[in-house]
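User: Hi! I'd like to learn how to read a few features of a protein model, step by step. Could you walk me through this one?

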Amino acid sequence: MKKKLYMLIILPSLLLLNCNKKDEVSKNSQCSFTVSEIKVPSTAGKAEITVKWAFAEWEISTGEKGFLSGFTYLNGGSANHSSSTRITFSYGDNVSSEEREQKITLTNKTTGEQSTVTIRQETLPPIEISVNPGETYQNVTGFGGMNNVWAAGTLSLAEVEKMYSQEGLGYNMMRIMIWPNKNDWSRDVATTLKAQSLGARILASPWTPPAEMKSSNSNLHGHLLPEKYADYVAHLNDFVAYMKNQGINIEAVSIQNEPDWSPEYDGCEWTPEQILDFIKNHAANINAKVLAAEAVNFKKMYTDPVLNDAVAVNNLDIVGGHLYGGGLQDYPLARAKGKEMWMTEHLLNEVNNGMGWDQAMVLAKELNDCMKANFNAYFWWYLKRSYSMLGDGDKGTAMGEVLKRGYVLSHYAKYATGRKRIQVGNVVNNSEVEITAYSGSADLTFIALNRGNIPVSLKINLPVVVKSGGAVITTETQNMEKKSVVLSSDKKSVTISLPVKSIVSVKLDK
């Protein structure tokens, strides 16, 4: 009985003592970082923080997104003693034009109290390049593509608006077909008229003259009979007049699509001598600007004789060609004769994941190179196909959706059209980064590509003081999204960041 009574007396005392110990531990439980802020350089590396703790279990967190990773410890401590823990972590490159920061949160699991340390990362020193507006190149006429007259997914008026309105992709050039049969001329009217109402300039190209004018007496193969040259001019003029009656202005007429190719569909072969003869003796009677020769790979052998002829050169307004198998290069002779150069058709990567971002970047590179080669205008093949600007339901594309190539072409349509290309410096020792610059009446624009796997920051030294600026970016996951730029305090330089595999266009208001 005495033993039971003793236990009843001592047990509450032990419980009270244990509670007092827990209260004491809880009261003295502490953990904290030894610093409140750490500054790290822009290039990737490692840093260290220290947690001092006493009678506490703790954990750290950084949120879901950020530039910190690879923590050696995410939790630790003990409720029974005191110590300190050094934690190493990694941080990535800061490729933006602004300092960035991320907080690390320390939570005392014993008390629930929290504290933070802020990691601030310096901006990457930008690569500096300069603009020289005194060195000018071509006027940029515009960008667009071919009206879908043969394709299964023909264009709708809404799709034309999506591509040609300034609220949409901002294209301004459309190529249409001059059908050999006049009964087919109405097929293009509605969509062409819609594009023109949105500012499009129209190029018309024939695949073949009417069969009765050809040596083959067929829409396939053969050549235009010399005695039918005048009749062919009348045929082209009838088309121009027909379209004018529908409210459509045909700015330029090509004399032949791909005269150096004899396909198993509508076509007509021309020799360089025949083209010279036709342009010299008949093209002056065509009631539109005259374009030649749309050779498959911009063969200069088809246009050199015309440009070098004192009479024929005055009957040619535009030198045109395609880029199948080559031809992307400057044409000093055409420029010396005051002729614009239009790339009037190309199609890249029809198969093998032609809709992917990597293939869209191939187009971006081609557009960049065409600008540097002094081309004035660029026309893609069909505007609406799985490998083009809008999807047509084929190969996983949705009908009418804007594809990656559509956005890439829009960068050039919106930021180069109507301006004069000017000289801008190159990024030294990095062939994956390219930039072209343009001067408008009220702005300076830049289109920069980073095709590589290393992000780049660019500082562009400007020739004039600008008022304001902005940019858009397209990447594998972004479609012409707004992007900030950093103007210097004197507003005579702008800094932009180029993430990996991106295209960024900048507009600065003068």
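This is a predicted model: local features need pLDDT of at least 70, side-chain atom pairs count only at pLDDT 80 or more; totals for chains, interfaces and linings use all residues.

User: Which residue is the bridge partner of Gly 144 in β10?

Analyst: That is Met 173 again.

User: Is strand β10 largely enclosed or open?

Analyst: Burial is the thing to check, with under 20% relative accessible area as the cut-off. In strand β10 (residues 173–178), 6 of the 6 residues are buried, so the strand is largely enclosed by the rest of the structure.

User: What unit do β10, helix α3 (residues 189–197) and β11 make?

Analyst: Together they make a β-α-β unit, and this unit is right-handed.

User: Let's turn to the rings. How is a pair of aromatic rings described?

Analyst: You give two values, the distance of the centres and the angle of the planes. This structure holds 14 aromatic pairs. One of them joins Trp 185 and Phe 239, edge-to-face, with 5.3 Å centre to centre and 90 degrees between the planes. That pair links distant parts of the chain, 54 residues apart: Trp 185 sits in the loop between β10 and α3, and Phe 239 in helix α4 (residues 229–245). Both Trp 185 and Phe 239 are buried.

User: Why is the pair of Trp 270 and Phe 278 edge-to-face?

Analyst: Their planes stand at 80 degrees, with the ring centres 5.5 Å apart, so the pair counts as edge-to-face. The cut-off here is over 60 degrees. Trp 270 is buried at 3% relative accessible area, and Phe 278 is buried at 0%. Ring pairs also link these two with Tyr 229 and Tyr 232 into a cluster.

User: Finally, what is the volume of the largest pocket, and which residues line the pocket?

Analyst: The largest pocket holds about 250 Å³ of space. Its lining includes Trp 150, Trp 207, Glu 258, Tyr 324 and Trp 381. By class, the pocket lining has 9 nonpolar, 1 polar and 2 charged residues.

Definitions and conventions
Residues are numbered from 1 along each chain as its sequence is written. Side-chain values use heavy atoms; hydrogens and water are left out. Buried means under 20% relative accessible area, exposed over 50%, partly exposed in between (1.4 Å probe, protein chains only). Helices (H or I, at least four residues) and strands (E, at least two) are DSSP runs, numbered from the N terminus. Two strands pair if DSSP finds at least two bridges between them. A crossover is right-handed if, with the strands pointing away from the viewer, the path from the first strand over the helix to the second runs clockwise. On a 1 Å grid over the protein atoms alone, a cavity is a set of points where a 1.4 Å probe fits but cannot get out, and a pocket is an open set with protein on both sides within 12 Å along at least five of seven lines; lining residues have an atom within 4 Å of a point. Grid points are joined across faces, edges and corners, and a volume is the space filled by probe spheres set on the points. Ala, Val, Leu, Ile, Met, Phe, Trp, Tyr, Cys and Pro count as nonpolar, Asp, Glu, Lys and Arg as charged, and the others, Gly among them, as polar. Rings of Phe, Tyr and Trp (its six-membered ring) pair if their centres lie within 6.5 Å; planes under 30 degrees apart count as stacked, over 60 as edge-to-face and the rest as tilted.
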